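Please keep the sequence and the structure in view while reading.

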Amino acid sequence: MTSRPVGTLAQRKRQLVADELTQAALNLLACEGFDAVTVDEIAAAAGVSKRTFFRYFASKEDVVVQFLAGMGAGMRDELAGRPAQEPPSAALRHTVWCSIDACAGHADRALRVVQLILRTPALLARFLERQAQWRDALAAEVARRLGMDPAVELYPQLAAGMALTAFHTVLERWSDSDGAEDPAELTDRAFAVITPALDAVVRSGAPGDLRSPA
């Protein structure tokens, strides 16, 4: 029987506590409002001490920021896993839809969290800051897929920016409708608008051999 590394159990326990704190914090913040909830209340809801909370997060805001960091990493991984020959619009649509679908799949809780982020100025600022980081990561992956130099070509940053604008727009419309609008339909409509621009540069052969459609 293979022995499990000593650090593995400790890491798993740490992740479990972090997940419980995150869930408790997001539930409270979404239901009560960002300013109305204290760190003490979050810690109590998670069944830990305030000191334990601060071992994992620097502030209430940091809980939401960590949640957003995971979403961005997921997007980058989804794009990296798409078929090499897939058009940029299709690959980026899938990338965006996976994150939106994860929210829609837990609509009651996720909608409240999305509304919390979009309607709290401090959290919205951090959300936009994170999106700038996601854009760089997605642009690097777009460039890799198309054999482009992101330091020279404009396309990777523009493509990533358009995809994230679509992502943000869909979340805003879903939030403003209190979940009444269908996120899948909104995503389709958003990408119908930007697909011609996303596919304006396509791969014609070997990596780096690019052309603009006639």
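How much space lies in the largest pocket? About 230 Å³ of space lies there, where a volume is the space filled by probe spheres set on grid points that are joined across faces, edges and corners. A pocket is, on a 1 Å grid over the protein atoms alone, an open set of points where a 1.4 Å probe fits, with protein on both sides within 12 Å along at least five of seven lines, and its lining residues have an atom within 4 Å of a point.

The model is predicted, so that local features need pLDDT of at least 70 and side-chain atom pairs count only at pLDDT 80 or more, whereas totals for chains, interfaces and linings use all residues. Residues are numbered from 1 along each chain as its sequence is written, and side-chain values use heavy atoms, with hydrogens and water left out.

**The pocket lining**

The largest pocket is lined by 11 residues, of which F67, M71, S99, A102 and C103 lie nearest its centre. The elements that each give two or more residues to this lining are α4, α5 (88–104) and α6 (107–119), and α5 gives the most, with four residues. By type, the lining divides into seven nonpolar, three polar and one charged residue; here Ala, Val, Leu, Ile, Met, Phe, Trp, Tyr, Cys and Pro count as nonpolar, Asp, Glu, Lys and Arg as charged, and the others, Gly among them, as polar.

**The chain as a whole**

The chain has nine helices and two strands, and along the sequence they follow the pattern α-α-α-α-α-α-α-α-α-β-β; helices (H or I, at least four residues) and strands (E, at least two) are DSSP runs, numbered from the N terminus. Of the 214 residues, 40% are buried, a term that means under 20% relative accessible area, with exposed meaning over 50% and partly exposed in between (1.4 Å probe, protein chains only). Among contacts (heavy atoms within 4.5 Å) between residues at least 6 apart in sequence, 65% join residues at least 24 apart. The chain exposes about 11400 Å², of which carbon and sulfur atoms supply 54%, by the Shrake-Rupley method with a 1.4 Å probe.

**Helix α4**

Helix α4 (residues 60–80) has 21 residues and should span 30 Å at 1.5 Å a residue, which agrees with the 32 Å between its end C-alpha atoms; the expected span is 1.5 Å times one less than the number of residues. Its buried residues are K60, D62, V63, V64, V65, L68, M71, G72, M75 and L79. E78 also lies in α4, and its C-alpha atom is separated by 8.8 Å from that of V96, 18 residues apart along the chain.

**Selected residues**

| Residue | Relative accessibility | Contacts |
|---|---|---|
| E78 | 32%, partly exposed | H94, T95 and C98 |

H168 is found in helix α8 (residues 155–176), while T22 has its place in helix α1 (residues 6–32). D178, in the loop between α8 and α9 (183–198), is exposed, with a relative accessible area of 55%. D178 has a positive phi of about 55° although it is not a glycine. Most residues other than glycine have a negative phi.
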